[in-house]
Amino acid sequence: NGTRLRMLHALTRAKELCVTELAVALGMKPQAVSNQLQRLADRGIVEPRRDGLQVYYRIVDQCAVGVLEEAWCLLECANTRLSERMNAGRVAS
């Protein structure tokens, strides 16, 4: 799910975010973010921590972090190759 991947990416960078912070970062409603985070928590990927009225989440499954890092690396490499091909096409024209 693309939304959950974006959430995990934001959590990887920030280490811990509350539902409201994630909602703002992703341009989503807090309830929608909360629902998606609950699905990740049910699978043991993230863990909630309550502080007053706020619920903060952090990634607890380090395998998920490794997979995300590998995926972003692959995406960056693919984008670099695409850019190089496009630039080579402009030079040849």
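Colleague: Quick one to start: is V65 buried or exposed?

Modeller: V65 is buried, at 13% relative accessible area. Buried means under 20% relative accessible area, exposed means over 50%, and partly exposed is in between, using a 1.4 Å probe and protein chains only.

Colleague: What kind of model is this, and how are residues numbered?

Modeller: It's a predicted model: local features need pLDDT of at least 70, side-chain atom pairs count only at pLDDT 80 or more, and totals for chains, interfaces and linings use all residues. Residues are numbered from 1 along each chain as its sequence is written, and side-chain values use heavy atoms, with hydrogens and water left out.

Colleague: Back to V65, then. Where is its place?

Modeller: V65 sits in helix α4, which covers residues 62-92. Helices here are DSSP runs of H or I with at least four residues, strands are runs of E with at least two, and both are numbered from the N terminus.

Colleague: And what is V65 in contact with, leaving aside neighbours within four places in sequence?

Modeller: T12 and I59, where contact means heavy atoms within 4.5 Å. There's also L11, 54 residues from V65 along the chain, with the two C-alpha atoms separated by 9.5 Å.

Colleague: Zooming out, how many helices and strands does the protein have?

Modeller: Four helices and three strands. Along the sequence they run α-β-α-α-β-β-α.

Colleague: What radius of gyration does the protein have, and what would a compact globule of 93 residues have?

Modeller: The protein has 17 Å, whereas a compact globule of 93 residues would be near 12 Å. That radius is taken over C-alpha atoms, and the globule rule is 2.2 Å times the number of residues to the power 0.38. Along the principal axes, the C-alpha trace spans about 60 × 25 × 20 Å.

Colleague: How much of the protein is made up of buried residues?

Modeller: 27% of the 93 residues are buried. For contacts between residues at least 6 apart in sequence, 50% join residues at least 24 apart.

Colleague: Let's look at the loop between α1 and β1. Which residue there has a positive phi although it is not a glycine?

Modeller: K15, with a phi of about 75°. K15 lies in the loop between α1 and β1 (17-18). K15 counts as exposed because its relative accessible area is 62%.

Colleague: What about E16, what does it touch?

Modeller: E16 is in that loop between α1 and β1 too. Not counting residues up to four places away in sequence, E16 touches L11, R49, Y56, Y57 and R58. V46 is 30 residues from E16 in sequence and 9.8 Å away in space, C-alpha to C-alpha. E16 is partly exposed, at 27% relative accessibility.

Colleague: T3 next. Which helix is it found in?

Modeller: Helix α1, residues 2-14. T3 contacts M28 and Q36 once neighbours within four places in sequence are left aside.
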